[in-house]
Each structure stands twice: as C-alpha cells, then as structure tokens.
Amino acid sequence: MNIRKIYIYVSIAAVTLGISSCDDYLDKLPDNRMELNSKEKVQQFLVSAYPDHNPALLAEMYSDNSDEFKVTSWTSAGRFQDQAYAWADITEISESETPQEIWNSLYKAMGTANTALKAIRDNGDTDDYQPSKGEALLCRAYAAFQLANTFCMAYDATTAEKYMGVPYPTEPETKVGTTYKRGTLAAFYDQINRDIEEGLPLITDNYSRPKYHFTRNSAYAFAALFNLYYQKYDKAVTYATRVLGSDASSKLRDWKAFNALTVNGQVAPNNYVNISSQANLLLQTVFSEAGAYLGPYGYANKYAHGQLLSEKEDLQSQGPWGNSAGFGYTVWHNNSIAKYFINKIPYAFEYTDVQAGIGYAHSAYPVLTTDLTLLVRAEANAMLGKYADAVNDLNTEVQAYSGGRLSVTLADIQSFYSGIDYYTPTAPTPKKKFNTAFSIESTTQEPILQAILQLRRIMTLGEGWRLQDVKRYGIVIYRRTLNGSRKVIAVTDTMKVDDLRRAIQLPQDVITAGLPANPRNK
C-alpha cells in the first residue's frame, strides 16, 4: 500500500466512503457509498464515531506512573513498551496502543462524524436530524481533544499560538491525496470549542444504550473537562454543575461497594465499567492490552507502577486526608511481580483462531464519570480563587472515595503540603513543583491544587489522566531504574517543562507523507 498518497490516514477515506480495504481505495474512488438518507441510518452510522482505541496505556507508560525495574525475570512487553517508557519517537505500529493505532482510530472517528454531518446537510438539516447533528459534533470534538492530549503540548492561552495543533478535518475526504496542514494549538482548541458549543444544545438522551453515546450528562461532563484544559474556568464550573446538580455526593460511584469486591479475576474490573453505575457517564470499549499490562499478570513487568510509587506518591502514600490506604481499596501486589495497582482495568481476549492462539485483546474505560467531573469542578474553583468551594468539592470526593472513612479540610491541606518537601527522584513525595506560565498563589491555591492532583492521580491510576496533569502543570518527571524493591539505583532521564517530548511524536508514515513532525529539543 502506497501510504504516501494519503496525508492523514487511510481510515478516514475507508470509513467515509464505506469501502472495505486500503488497496481498493487506492485503486479507485468507489461509487457505491453508504446512503445515509434517513435519521435512523445516520444515528446507526454514528456508532463508528466513537474511537475503538484509547491512549490511556500509552499515557501511563509515558507518565510518572511508571518506573524501570532491573530484575532479570521482569521483562518488557516488547518494543512499544520500551519506546514509550523511554519517551522515544515510537516506531512500533503493530500494538493496539501505538501512536499509529491511536491516530488512525481518532481520525476514523472524526471521518465518521464528518460524513454524518454532510448527510444531515444533504437531507435538509431538518429538526429530526438535530440530535444526530449534536452527537456528531461532540464526537468530532472528543476525538480532536484526545488527539491534542496525545500529540500536542499542553494548552495555555499564553503559549498556544506558538505550538502546533494537528489537522482538524471538517469535511469528508472524497479524493486521494488530500493535503492537510498543522495549524496552531490555539486554532485547534478554538475549533473544538466551536463544535462543543454548537453541539451541546442539540444532544438528547434517546438511546437504547445511552452509556455508549453522548447524552446530556456525558456531553456536559466533556464540556466541563475541555473548558478546564481550555482555561475557561467559569464555564467548567457551570457545565460540571449541570451534571452534578445540587448534591454531588448522590451522583458519585459507590466506592465502598466496589472496594468490597474480590480483587481476583475480572469481577472488580467488570463492575468498574458496568453500565448500571450512575457514576459512569460515557463508556468506551477498545482494542487494548491494558488489562494485561496493568493487571495481575507476570507480563510487562520491566516498566511498571511499583512499590516505591505506591508508598511515596499515591496509593499508599500520606496525604492531607491521612494515609491513602485508608480509602479502603485493596492494593494488588505480588513479590514476583513489579506491579502495585487497583484491579479495575478489564481484560478480555477474542480468539480469531483458537488453535493458533491468536486474536485481539479488548478492554473498556469509563472515559467520563461523575467523580472525574467533581474534581474538574474542584480544580476550576481553585483556579477561580473560590477556595471554600474547591475544598468542599474535594472533601465530597474524599468522603465518597473512602466510603465515609476519611475527610479533609483546608487546614489539613495547608498543614500537610507545607510540612513536606518537594519531590526529588531519590527522595519522592506526593508534592511536585508546578512550573506554569500562569501564576499560582502559594499559601492556599497551590496546596489545594496539590491535593486535587494527588487524589486524581490515585483515583484514575491506569486510566491515562496523570500525563495530562503533568503536562498542564509543567511537572518535571524522571526516568528511574530501581532494584526489585524500593531502591533507586539510577536516574536515567529527565523531562523538563520545556521538553518537546511532552507532545508524543506523530506516526512515522504520517510524517513521511509530508505532515510536519513534532519538533524535538536539540
């Protein structure tokens, strides 16, 4: 297949034009396109506007949630994991979580949304198509948001004009060789915002399986999250409140019940992504080995979230609420395996050939939840200087997450973070220095933000969110080599605030086809 002819990815054309293979597409442009001539067909078609890959595992390997272990029997999963952990430009393409697969999946979702939007226009853009129009716009915005989180630097209003975005197609691709350009990150975020603002009023809840679609709640939760990253904090608070209502505590996950489940097998992971959970607003099923990487298996041990991280920075660390182990979860670990984690990432394997033992690994993520949305509102309130509201939201989550065991006050927060040193790679603590273009007040605002980021790191471990906090707050992270226990025997690399590797490199075939690569520091 001559990939050079296609400047973003083959899959846009394949989905947009309703064809079966790359080779067919490169031979000719087919005329037997899918006819989206009814609202029912458009709605069915939009199922493919939700990505079937998620960058969460890539982000976990890339973030400060992973260390390297120098134990002969603890081996890596292969070149993808080696390159991701090393912050290298990833050349591996065959794994589900590679930049190649993430890129293709997200642009495929955008291509589907664009085809649906064109069909809606062609059918008169009538009232009965408006719910699907809203869904298509939100799907396009969500895929674009994930692309920015993966392949771009963090957004900041003062720097977004100097950093590159990635292409934002708004029309179906209908010819071979369409050339795309990289605009600025500012322009990219502005387009996401336009899609969200246009789509929000059109969204409905009329789906047979609403947890797999943008409903009103999941759409507003996404809008809140996006506006937090977009630094529109008033809007983030407003949208989060639309989801959470007057009593956020009544909308959160029943963590006490979840923590009581067995940590063995898939019982807890399957419960975590259950459609009946009121906390799960938008679920995503994906091709992924994350459940094997992050689960109770002797696999991918060389780079993992281990004992030192757990005890000093997150799951078993001290926090303003006391010892984090007091939240009540079971931290899974085994002396013969490097991993310390909460078993919540599902793993399933679909055999395409049972005798040959080959097939596809699958997982699922609750990509938008009420708990995540509450911490979005807490952070936005902290950025607005509404400290009492921020602490109230944080305490609501602490109480829910601990099943009523723990709570936190502003005095607790200030006392805890003023009483510990900033993190160093050989003397780790949960308190990591912020290096932001915007100012942060030191006596109240910073401690509250530290607490929010620490809790979110614990609560979303394995789900990829930590890397975004690292990028947004300019947190310097390190690559450490440990022995089999808790001793750091080498610090091998540092990702500083201005390190351009914070934007993961584009797939090599896209660069070869002519799209500018992400720059790297000399």
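1. In this predicted model, the largest nonpolar core has 146 residues, and Phe214 and Phe222 are those with the most contacts inside it. A nonpolar core is a set of buried Ala, Val, Leu, Ile, Met, Phe, Trp, Tyr and Cys residues joined through side-chain atoms within 4.5 Å; buried means under 20% relative accessible area, with a 1.4 Å probe and protein chains only. Helix 7 (residues 130-151) gives the largest share of this core, 12 residues. Helices are DSSP runs of H or I with at least four residues, numbered from the N terminus.

2. Domain 1 (38-54 + 97-246) and domain 2 (64-86 + 263-505) both give residues to this core, so the core lies between them. The domain bounds come from an automatic or database domain assignment. Apart from this core lies another, of six residues, including Phe69, Trp74, Ala338 and Leu482.

3. Residues are numbered from 1 along each chain as its sequence is written. Local features need pLDDT of at least 70 and side-chain atom pairs count only at pLDDT 80 or more, whereas totals for chains, interfaces and linings use all residues; side-chain values use heavy atoms, with hydrogens and water left out.

4. Which residues does Phe214 touch? Leaving aside residues up to four places away in sequence, they include Tyr50, Glu135, Tyr142, Phe222, Leu282 and Leu368. Contact here means heavy atoms within 4.5 Å.

5. The C-alpha centres of domain 1 and domain 2 lie 26 Å apart, and 41 residues of domain 1 are in contact with 42 residues of domain 2. Between them the domains bury about 3700 Å², 67% of it on carbon and sulfur atoms; buried area is the accessible area (1.4 Å probe) that two parts lose on being put together, summed over both.

6. How many salt bridges are counted between domain 1 and domain 2? The count is zero, a salt bridge being a side-chain nitrogen of Lys or Arg within 4 Å of a carboxyl oxygen of Asp or Glu. On the side of domain 1 that touches domain 2, helix 7, helix 9 (216-229) and helix 10 (233-244) each supply at least two residues.

7. Ala49 is found in the loop between helix 3 (39-45) and helix 4 (56-62). Its relative accessibility is 1%, so Ala49 counts as buried. Not counting residues up to four places away in sequence, Ala49 touches Ala109, Thr112, Ala113 and Cys139. Ala49 and Tyr129 are 80 residues apart in sequence and 16 Å apart in space, C-alpha to C-alpha.

How values were computed. Buried < 20%, exposed > 50% of the residue type's maximum accessible area, 1.4 Å probe, protein only.
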